[in-house]
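Please explain how charged side chains pair in this structure, and what surrounds one of its pockets. I would like the criteria behind each term to be given along the way.

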Amino acid sequence: MKSVLKNFINGILTIVPIILVIYVIYKTFMFLDSLLGNVLKPYLQERYIPGIGLLTTLVLITILGWLSTRFITGSIIKLIDRLLEKTPFVKTVYSVIKDTVHSFLGEKKSFSKVALVTIPGTNMKSLGFITTENLKSFHEPLSEHVAVYVPQTFQVAGFTFLIPKSEVEIIDVKPEDALKFILSGGMTSANGKKSVHENSR
(Lines give C-alpha, C1' and ligand atoms only; values in the text may rest on other atoms or scores of the structure.)
Protein backbone atom coordinates (compact mmCIF):
# COMPACT_ATOMS: atom_id res chain seq x y z
CA MET A 1 0.00 0.00 0.00
CA LYS A 2 2.87 2.37 0.81
CA SER A 3 4.34 1.73 -2.63
CA VAL A 4 0.99 2.35 -4.34
CA LEU A 5 0.44 5.55 -2.34
CA LYS A 6 3.96 6.74 -3.16
CA ASN A 7 3.42 6.12 -6.87
CA PHE A 8 0.05 7.90 -6.70
CA ILE A 9 1.63 10.97 -5.07
CA ASN A 10 4.46 10.92 -7.63
CA GLY A 11 1.84 10.78 -10.36
CA ILE A 12 0.07 13.83 -8.93
CA LEU A 13 3.35 15.76 -8.59
CA THR A 14 4.27 14.90 -12.19
CA ILE A 15 0.99 14.99 -14.07
CA VAL A 16 -1.08 17.73 -12.36
CA PRO A 17 1.33 20.60 -13.20
CA ILE A 18 1.49 19.41 -16.83
CA ILE A 19 -2.30 19.15 -17.10
CA LEU A 20 -2.80 22.60 -15.55
CA VAL A 21 -0.25 24.21 -17.88
CA ILE A 22 -1.85 22.58 -20.93
CA TYR A 23 -5.28 23.74 -19.72
CA VAL A 24 -4.10 27.32 -19.24
CA ILE A 25 -2.42 27.35 -22.66
CA TYR A 26 -5.56 25.89 -24.25
CA LYS A 27 -7.85 28.45 -22.61
CA THR A 28 -5.52 31.31 -23.57
CA PHE A 29 -5.35 30.04 -27.16
CA MET A 30 -9.15 29.70 -27.40
CA PHE A 31 -9.67 33.21 -26.00
CA LEU A 32 -7.18 34.84 -28.38
CA ASP A 33 -8.49 32.79 -31.31
CA SER A 34 -12.08 33.86 -30.58
CA LEU A 35 -11.30 37.58 -30.74
CA LEU A 36 -11.57 37.58 -34.53
CA GLY A 37 -12.47 33.93 -34.92
CA ASN A 38 -16.11 34.57 -34.01
CA VAL A 39 -16.24 37.16 -36.80
CA LEU A 40 -14.64 34.87 -39.38
CA LYS A 41 -16.57 31.66 -38.57
CA PRO A 42 -19.89 32.73 -40.23
CA TYR A 43 -18.00 33.45 -43.47
CA LEU A 44 -15.65 30.46 -43.51
CA GLN A 45 -18.10 27.98 -41.89
CA GLU A 46 -16.71 24.42 -42.34
CA ARG A 47 -13.47 25.81 -43.78
CA TYR A 48 -12.62 27.54 -40.50
CA ILE A 49 -9.58 26.02 -38.81
CA PRO A 50 -8.82 26.72 -35.12
CA GLY A 51 -5.96 29.19 -35.02
CA ILE A 52 -7.05 31.30 -37.99
CA GLY A 53 -8.60 33.85 -35.64
CA LEU A 54 -5.39 34.10 -33.61
CA LEU A 55 -3.24 34.37 -36.75
CA THR A 56 -5.53 37.07 -38.16
CA THR A 57 -5.35 38.98 -34.85
CA LEU A 58 -1.54 38.88 -34.87
CA VAL A 59 -1.40 40.00 -38.51
CA LEU A 60 -3.88 42.81 -37.84
CA ILE A 61 -1.92 44.04 -34.80
CA THR A 62 1.30 44.00 -36.86
CA ILE A 63 -0.34 45.97 -39.69
CA LEU A 64 -1.77 48.53 -37.23
CA GLY A 65 1.67 48.84 -35.64
CA TRP A 66 3.17 49.55 -39.06
CA LEU A 67 0.41 52.02 -39.92
CA SER A 68 1.05 53.90 -36.66
CA THR A 69 4.50 54.79 -38.02
CA ARG A 70 3.11 56.26 -41.27
CA PHE A 71 2.38 59.98 -41.41
CA ILE A 72 -1.33 60.02 -42.31
CA THR A 73 -2.48 56.88 -40.50
CA GLY A 74 -0.19 57.69 -37.57
CA SER A 75 -1.81 61.13 -37.26
CA ILE A 76 -5.26 59.53 -37.25
CA ILE A 77 -4.25 57.07 -34.53
CA LYS A 78 -2.78 59.91 -32.45
CA LEU A 79 -6.02 61.87 -32.88
CA ILE A 80 -8.04 58.88 -31.64
CA ASP A 81 -5.58 58.54 -28.73
CA ARG A 82 -6.13 62.20 -27.73
CA LEU A 83 -9.91 61.86 -27.99
CA LEU A 84 -9.90 58.81 -25.73
CA GLU A 85 -7.66 60.60 -23.22
CA LYS A 86 -10.08 63.55 -23.05
CA THR A 87 -13.39 61.65 -22.95
CA PRO A 88 -14.86 61.55 -19.41
CA PHE A 89 -14.76 58.10 -17.74
CA VAL A 90 -13.29 56.54 -20.90
CA LYS A 91 -10.01 58.38 -20.29
CA THR A 92 -9.64 56.72 -16.89
CA VAL A 93 -10.08 53.19 -18.24
CA TYR A 94 -8.02 53.94 -21.35
CA SER A 95 -5.10 55.46 -19.44
CA VAL A 96 -4.94 52.51 -17.03
CA ILE A 97 -4.90 49.97 -19.88
CA LYS A 98 -2.44 52.03 -21.93
CA ASP A 99 -0.02 52.58 -19.04
CA THR A 100 -0.21 48.91 -18.04
CA VAL A 101 0.59 47.71 -21.58
CA HIS A 102 3.45 50.22 -21.88
CA SER A 103 4.84 49.15 -18.50
CA PHE A 104 5.30 45.59 -19.77
CA LEU A 105 6.14 46.16 -23.45
CA GLY A 106 7.34 49.77 -23.64
CA GLU A 107 10.93 51.00 -23.61
CA LYS A 108 10.82 51.75 -19.88
CA LYS A 109 9.45 48.49 -18.51
CA SER A 110 8.07 48.28 -14.99
CA PHE A 111 8.63 45.17 -12.87
CA SER A 112 12.21 45.06 -14.19
CA LYS A 113 13.77 45.84 -10.79
CA VAL A 114 13.26 43.65 -7.73
CA ALA A 115 13.11 45.59 -4.45
CA LEU A 116 13.65 44.44 -0.90
CA VAL A 117 11.74 46.57 1.63
CA THR A 118 11.53 46.43 5.40
CA ILE A 119 8.09 46.24 7.00
CA PRO A 120 7.77 49.30 9.32
CA GLY A 121 8.32 48.55 13.00
CA THR A 122 9.79 45.11 12.33
CA ASN A 123 12.92 43.40 11.06
CA MET A 124 10.89 41.51 8.47
CA LYS A 125 11.47 42.12 4.80
CA SER A 126 9.24 41.78 1.77
CA LEU A 127 9.93 41.40 -1.94
CA GLY A 128 8.35 43.76 -4.43
CA PHE A 129 8.85 45.37 -7.82
CA ILE A 130 9.69 48.97 -8.70
CA THR A 131 6.81 50.23 -10.87
CA THR A 132 7.52 53.98 -10.88
CA GLU A 133 10.70 55.80 -9.95
CA ASN A 134 9.50 59.31 -10.85
CA LEU A 135 6.63 60.32 -8.56
CA LYS A 136 7.36 64.05 -8.74
CA SER A 137 4.87 64.60 -11.56
CA PHE A 138 2.24 62.73 -9.56
CA HIS A 139 2.76 64.61 -6.29
CA GLU A 140 5.65 67.01 -5.59
CA PRO A 141 6.35 65.91 -1.96
CA LEU A 142 6.88 62.35 -3.23
CA SER A 143 9.83 63.30 -5.44
CA GLU A 144 12.20 61.25 -3.25
CA HIS A 145 9.91 58.21 -3.18
CA VAL A 146 9.40 55.26 -5.50
CA ALA A 147 6.33 53.09 -6.07
CA VAL A 148 6.84 49.48 -5.03
CA TYR A 149 4.27 46.83 -5.91
CA VAL A 150 4.18 43.90 -3.49
CA PRO A 151 2.21 40.88 -4.82
CA GLN A 152 0.33 38.57 -2.48
CA THR A 153 1.15 34.91 -2.16
CA PHE A 154 -0.92 32.45 -4.24
CA GLN A 155 -2.71 35.26 -6.14
CA VAL A 156 -2.01 38.13 -8.52
CA ALA A 157 -3.47 40.79 -6.22
CA GLY A 158 -1.13 42.99 -4.23
CA PHE A 159 -0.40 46.37 -2.66
CA THR A 160 1.33 49.49 -3.97
CA PHE A 161 3.51 51.29 -1.43
CA LEU A 162 5.18 54.67 -1.85
CA ILE A 163 8.52 54.30 -0.10
CA PRO A 164 11.49 56.68 0.33
CA LYS A 165 14.25 55.77 -2.14
CA SER A 166 16.76 55.47 0.71
CA GLU A 167 14.70 52.69 2.28
CA VAL A 168 14.45 50.57 -0.85
CA GLU A 169 17.16 48.04 -1.65
CA ILE A 170 17.40 46.88 -5.26
CA ILE A 171 18.62 43.28 -5.37
CA ASP A 172 20.16 41.31 -8.22
CA VAL A 173 17.35 38.84 -8.80
CA LYS A 174 15.50 38.17 -12.03
CA PRO A 175 11.91 39.54 -11.88
CA GLU A 176 10.44 36.20 -13.01
CA ASP A 177 12.34 34.35 -10.26
CA ALA A 178 11.18 36.85 -7.63
CA LEU A 179 7.59 36.57 -8.82
CA LYS A 180 7.68 32.76 -8.67
CA PHE A 181 9.16 32.96 -5.18
CA ILE A 182 6.44 35.36 -3.96
CA LEU A 183 3.45 33.64 -5.59
CA SER A 184 4.56 30.23 -4.28
CA GLY A 185 4.98 31.51 -0.74
CA GLY A 186 8.74 30.97 -0.92
CA MET A 187 8.41 27.32 -1.95
CA THR A 188 9.88 27.93 -5.40
CA SER A 189 13.56 28.86 -5.42
CA ALA A 190 15.20 30.75 -8.26
CA ASN A 191 15.90 28.31 -11.11
CA GLY A 192 15.79 25.46 -8.60
CA LYS A 193 19.36 26.28 -7.52
CA LYS A 194 19.50 29.27 -5.19
CA SER A 195 16.71 30.85 -3.22
CA VAL A 196 15.98 34.55 -3.55
CA HIS A 197 17.36 34.99 -0.03
CA GLU A 198 20.68 33.44 -1.07
CA ASN A 199 20.83 35.57 -4.24
CA SER A 200 20.23 38.72 -2.22
CA ARG A 201 23.31 38.18 -0.07
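**Charged pairs and a pocket lining**

D177 counts as buried, with a relative accessibility of 4%, where buried means under 20% relative accessible area, exposed over 50% and partly exposed in between, for a 1.4 Å probe and protein chains only. This is a predicted model, in which local features need pLDDT of at least 70 and side-chain atom pairs count only at pLDDT 80 or more, while totals for chains, interfaces and linings use all residues. Residues are numbered from 1 along each chain as its sequence is written, and side-chain values use heavy atoms, with hydrogens and water left out.

The partner of D177 in a salt bridge is K180, with the closest N and O atoms 3.7 Å apart; a salt bridge is a side-chain nitrogen of Lys or Arg within 4 Å of a carboxyl oxygen of Asp or Glu. Both D177 and K180 lie in helix α5 (residues 175-183), three residues apart, about one turn of the helix, where helices (H or I, at least four residues) and strands (E, at least two) are DSSP runs numbered from the N terminus. K180 is partly exposed, at a relative accessible area of 38%. By this rule the count comes to four salt bridges.

Another pair is formed by K98 and E85, whose closest N and O atoms are 3.1 Å apart. Because K98 lies in helix α4 and E85 in helix α3, this pair ties together parts that are 13 residues apart in sequence. K98 is partly exposed at 24%, and E85 is partly exposed at 37%. D81 joins E85 and K98 in a network of salt bridges.

K113 and E133 also form a salt bridge, with their closest N and O atoms 3.0 Å apart. This pair links distant parts of the chain, since K113 is in the loop between α4 and β1 (114-118) and E133 is in the loop between β2 (125-132) and β3 (145-151), 20 residues apart.

Which residues line the second largest pocket? The lining includes D81 and K98, together with I61, L64 and Y94 among others. A pocket is an open set of points on a 1 Å grid over the protein atoms alone, where a 1.4 Å probe fits, with protein on both sides within 12 Å along at least five of seven lines, and lining residues have an atom within 4 Å of a point. Helices α2 (52-67), α3 (71-86) and α4 (90-105) each supply at least two lining residues, and α3 gives the most, with six.
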